[in-house]
Amino acid sequence: MVAKDTVMLNRVHADDFVLIHMTGMRQSKAEYIRAIADGTLNYYSVEHEEMDIAIKGNTATLTGKSRVTAAVFGGSRSSWRLRLRFTLEKQDGQWRFTSSQASTY
């Protein structure tokens, strides 16, 4: 996200990935990656404070707390304490993100 590496973002997110912002807005994989590439979502840094991972067969959840510095949707650069809950699925031997839900803490 910080590097705007759309090739890698496409690789690690499942085709049906959905991001649920802390406002409740939903973005598909294509919308999310396009917003990063075009500067609608600008991520500057991420500092991870906590991560919990639970794996059950070919599915997993990753819940973490991170300090994220970003400028989003035309706003100014700010820092947020975000709790992110990801779901992942093993597809063709590779783990891919299927959803992400953000909230503050």
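Me: Hi! Let's start with phenylalanine 86: buried or exposed?
Reply: Hi! This is a predicted model, and in it phenylalanine 86 has a relative accessible area of 17%. The cut-off for buried is under 20%, so phenylalanine 86 counts as buried.

Me: And what does phenylalanine 97 count as?
Reply: Phenylalanine 97 is partly exposed, because its relative accessibility is 21%.

Me: How many aromatic pairs are there?
Reply: The count comes to 2 aromatic pairs. In one of them, the rings of phenylalanine 17 and tyrosine 32 have centres 5.7 Å apart, and their planes meet at 40°, so this pair is tilted.

Me: Where do those two residues lie?
Reply: Phenylalanine 17 belongs to strand 1 (residues 13–20) and tyrosine 32 to helix 2 (residues 29–37), so the pair ties together parts 15 residues apart in sequence. Both phenylalanine 17 and tyrosine 32 are buried.

Me: Why is the pair of phenylalanine 86 and phenylalanine 97 called tilted?
Reply: The ring planes of phenylalanine 86 and phenylalanine 97 are at 55°, with the centres 5.1 Å apart, so the pair is tilted. Edge-to-face would need planes over 60 degrees apart. Phenylalanine 86 sits in strand 5 and phenylalanine 97 in strand 6, 11 residues apart.

Me: How many bridges join strand 5 to strand 6?
Reply: There are 10 bridges, and strand 5 and strand 6 (residues 94–104) run antiparallel. Threonine 87, for instance, has serine 99 in strand 6 as its bridge partner. The two strands form a hairpin with 2 residues between them, and aspartate 92 in the turn has a positive phi of about 55°.

Me: What about strand 4 and strand 5, in which sense do they pair?
Reply: Strand 4 (residues 59–72) and strand 5 (residues 78–91) pair in the antiparallel sense, over 12 bridges. Glycine 64 has leucine 84 in strand 5 as its bridge partner. Their hairpin has 5 residues between the strands, and phenylalanine 73 there takes a positive phi near 50°.

Me: Changing topic: which residues lie nearest the centre of the largest pocket?
Reply: Met1, Tyr32, Tyr43, Leu84 and Phe86 do, out of 30 lining residues. The elements giving two or more residues to that lining include helix 1 (6–12), strand 1 and strand 3 (41–56). The space in the largest pocket is about 660 Å³.

Me: What is the lining like by class?
Reply: The lining of the largest pocket has 22 nonpolar, 7 polar and 1 charged residues.

Me: Last one: what sits over the ring of tyrosine 44?
Reply: That's the charged end of arginine 77, 4.0 Å from the centre of the tyrosine 44 ring.

Note on methods: Residues numbered from 1 in each chain as written. Predicted model: local features only at pLDDT ≥ 70, side-chain atom pairs only at ≥ 80, totals over all residues. Heavy atoms only, no water. Pairing = 2+ DSSP bridges. Helix = DSSP H or I, 4+ residues; strand = E, 2+ residues; numbered from the N terminus. Phe/Tyr/Trp six-rings, centres within 6.5 Å; stacked < 30°, edge-to-face > 60°. Buried < 20%, exposed > 50% of the residue type's maximum accessible area, 1.4 Å probe, protein only. Lys NZ or Arg CZ within 6 Å of the ring centre and 35° of its normal. 1 Å grid on protein atoms, 1.4 Å probe; cavity = no way out; pocket = protein on both sides within 12 Å on 5 of 7 lines; lining within 4 Å. Points joined across faces, edges and corners; volume = space filled by probe spheres on them. Nonpolar A, V, L, I, M, F, W, Y, C, P; charged D, E, K, R; others polar.
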